[in-house]
Amino acid sequence: MTHRIKALNHLGRVVMGANYSNFCPFLCYADSLDTGTITVHDMDSQKTVRVIHAHKTPILKLNVNFYGNLLVTASTTGTIVRVFNISSGNLIKTFSTETKC
């Protein structure tokens, strides 16, 4: 059975863990070109398991680590990088690229 996800015109903003068969059953993708939300889709159950509200502005890049447990996101603003636990959706760390004088 083929399951269709609503991920139109995402310009490379769809990512799956490098080790799908061993560690990570999740496919993560930016919901739209207008918001900073990411949908986490379980490939085993073929269901959306959560939506992560990662940024106020649209997602520019996202990536999953080798083990498939962490999701890294950056928005189009380019000043904040966030790391999330994919299983829980919890924010783990925020990195700011702005320097303070």
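This is a predicted model: local features need pLDDT of at least 70, side-chain atom pairs count only at pLDDT 80 or more; totals for chains, interfaces and linings use all residues.
Trainee: Is histidine 55 buried or exposed?

Mentor: A residue counts as buried under 20% relative accessible area. Histidine 55 has a relative accessibility of 11%, so it falls in that class. Histidine 55 is buried.

Trainee: Which residue's side chain makes a polar contact with the side chain of histidine 55?

Mentor: Leave aside the neighbours within four places in sequence, and histidine 55 is in contact with Gly36, Thr73, Ala74, Ser75, Ile80 and Arg82. A polar contact of 2.7 Å links the side chain of histidine 55 to that of one of them. The partner is threonine 73.

Trainee: Which residue is the bridge partner of threonine 73 in β7?

Mentor: Strand β6 covers residues 70-75 and strand β7 covers residues 80-85; the two pair in the antiparallel sense over five bridges. Threonine 73 has its bridge partner in β7. The partner is arginine 82.

Trainee: What stands opposite phenylalanine 84 in β8?

Mentor: Phenylalanine 84 is the bridge partner, in β7, of leucine 71. Strand β7 is also joined by five bridges to strand β8, residues 91-96, and these two run antiparallel. In β8, the residue opposite phenylalanine 84 is leucine 91.

Trainee: Which glycine takes a positive phi in the hairpin of β7 and β8?

Mentor: Start with the hairpin of β6 and β7, which has four residues between the strands and a turn where glycine 78 has a positive phi of about 80°. The hairpin of β7 and β8 has five residues between its strands, and a glycine there has a positive phi near 85°. That residue is glycine 89.

Trainee: Which residue has a positive phi although it is not a glycine?

Mentor: Most residues other than glycine have a negative phi. In the loop between β3 and β4 sits glutamine 46, which is partly exposed with a relative accessible area of 26%. Its phi is positive, about 60°. The residue is glutamine 46.

Trainee: Which strands stand at the edges of the open sheet?

Mentor: Four strands form this sheet in the order β5-β6-β7-β8, with antiparallel pairing. Two of them each have a single partner strand, so one side of each is left without a neighbour in the sheet. On average, neighbouring strands of this sheet are turned by 15° against each other, direction ignored. The edge strands are β5 and β8.

Trainee: Which residues touch the most other members of the largest nonpolar core?

Mentor: In soluble globular proteins, nonpolar side chains tend to be buried together. The largest nonpolar core here has 13 residues. Strands β2 (26-30), β3 (36-42), β4 and β5 (59-64) each supply at least two residues of this core. The members that touch the most others are Cys28, Ile38, Leu71 and Ile86.

Trainee: How many strands are there in the chain?

Mentor: The pattern along the sequence is β-β-β-β-β-β-β-β. There are zero helices in the chain. The number of strands is eight.

Trainee: What share of the residues of the chain counts as buried?

Mentor: The chain exposes about 6400 Å², of which carbon and sulfur atoms supply 55%. The burial share is taken over the 101 residues of the chain. It is 35%.

Terms used:
Residues are numbered from 1 along each chain as its sequence is written. Side-chain values use heavy atoms; hydrogens and water are left out. Buried means under 20% relative accessible area, exposed over 50%, partly exposed in between (1.4 Å probe, protein chains only). A polar contact is a pair of N or O atoms within 3.5 Å; within protein, one must be able to donate a hydrogen and the other to accept it, and residues adjacent in sequence count only if both atoms are side-chain atoms. Contact means heavy atoms within 4.5 Å. A nonpolar core is a set of buried Ala, Val, Leu, Ile, Met, Phe, Trp, Tyr and Cys residues joined through side-chain atoms within 4.5 Å. Two strands pair if DSSP finds at least two bridges between them. Accessible areas come from the Shrake-Rupley method with a 1.4 Å probe; for residues, only the protein chains shown count as cover. Axes are lines fitted to C-alpha atoms, for helices over the stretch in contact, and angles run from 0 to 180 degrees between N-to-C directions.
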